[in-house]
Amino acid sequence: MKFSMIFEAQLVDPTPERERQVIHDCVEQAVHAEKMGFDRVWAVEHHSLTQYAHMSASEVFLSWVAARTERIRIGHGVVTMPFGYQHPVRVAERAAMLDVLSGGRVDIGAGRGATRQEMRMYGVRQEDTYPQMEEALRIFSGAWREERFEWHGSIDIGPGAVLPRPVQDPHPPLFMACSKHDTLRLAAELGIGALVLGFAGADDVRAMRKVYDDAIAVRDGSRLVSTEVNDHFSALCPTVVLDDAERALRLGTRGQRFFAESIAHWYGGAPAPTGYAEDDDHRAALERRREELVARLHEANVPARPVDTGPYNTDHAYGDADTAIAYVERLREIGVDEVMCLIQMGTVPQEVCMETIRQWGERVIPHFRARGGAAR
């Protein structure tokens, strides 16, 4: 099992100064993650989502991280693929350049960038997001595999060479953001790894793992985007770990409350999130929001699934190191290939993020490395 971290660059009450600080803080966390034994860092790409994500140019952020590290893998989690955001050949060129400079450490995830706010900023149409994401995956996986490349689909490309060539042969591993069962099935059919939201808890991760595995079992290969298949399942794990388990729970649920309210704002039109006092009962507040959402879904005759109410579930790795180990044991039993730690939530102080990374590196990750060594 692998261990990684993901960065949104979230912040409360943004100012240019705070924004600059949080981005530098994320770099510091990523460098610390390598020292503490993490396998990979992921950076999102979002646009104009104030507070929720200030990580708009993840290729630049990841280049900076790659220059400050030697071993840890560098992941786009994810690139917004519809053509209005960026041309697929440009994605291939940038990713290959980073693969060269990092010594072959790059991973590429695909996403739709389908909030109304982001689509308005780039003139992207909702109905184009799925087909263009898939077409982009096929374009740049082909561009990396072929010395002279051309493509004639909804856009025409080439013929010509896409340069530089990546270090990883034939190309960096491919992934997709998966928040729904349909996208899990699509990732499996395309032969690419799944980056799964885990806010709904271990039971929902178990259900999503089954959907992914079932789709892999019945695919016929006709929709694979590359000759290289990557059946890798990575699950999000919100976490704050301190020696003071009660404080870790307070800070973790406060960070999750900020994250959940940010999602509700940008994806559902709810009011913008705000900062909250550390000693508020954030767990109770999240439970109230969950119950309100379930009531609205029932009123609209829509069954309330765990994924619908996921951001409001607080059963995660918040507490001391033993709490985190126990939660990761559940993910290991499910068959998760990678635990993707979400530590940098908008209200979590930098010193708490750094301490959480240390606790994972010194106590949580070694527990599972030892298990793996014993099994071998």
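Q: How far is the sulfur of Cys-353 from the closest cysteine sulfur?

A: In this predicted model, the distance is 7.9 Å, and the partner is Cys-26. That is too far for a bond, since a disulfide needs the two sulfur atoms within 2.5 Å.

Q: And which cysteine sulfur is closest to that of Cys-26?

A: The one in Cys-353.

Q: Is Cys-353 buried or exposed?

A: Cys-353 is buried, as its relative accessible area is 1%.

Q: What about Cys-26, buried or exposed?

A: Cys-26 is also buried, with a relative accessible area of 0%.

Q: What does the secondary structure come to?

A: The protein has twelve helices and eleven strands. Its radius of gyration is 20 Å, close to the 21 Å given by the globule rule for 376 residues, so the protein is as compact as a globular protein of that length.

Q: What box do the C-alpha atoms fill?

A: Along the principal axes, the box is roughly 60 × 50 × 45 Å.

Q: What fraction of the contacts with a separation of 6 or more joins residues 24 or more positions apart?

A: Such pairs account for 76% of those contacts.

Q: Last topic, charges: how far apart are the mean positions of the positive and negative ones?

A: They are 1 Å apart, for 43 positive and 56 negative charges.

Methods. Residues are numbered from 1 along each chain as its sequence is written. This is a predicted model: local features need pLDDT of at least 70, side-chain atom pairs count only at pLDDT 80 or more; totals for chains, interfaces and linings use all residues. Side-chain values use heavy atoms; hydrogens and water are left out. Helices (H or I, at least four residues) and strands (E, at least two) are DSSP runs, numbered from the N terminus. The radius of gyration is taken over C-alpha atoms; the globule rule is 2.2 Å times the number of residues to the power 0.38. Contact means heavy atoms within 4.5 Å. Lys and Arg count as positive and Asp and Glu as negative; His and the chain ends are not counted. The place of a charge is taken as NZ of Lys, CZ of Arg, CG of Asp or CD of Glu. Buried means under 20% relative accessible area, exposed over 50%, partly exposed in between (1.4 Å probe, protein chains only).
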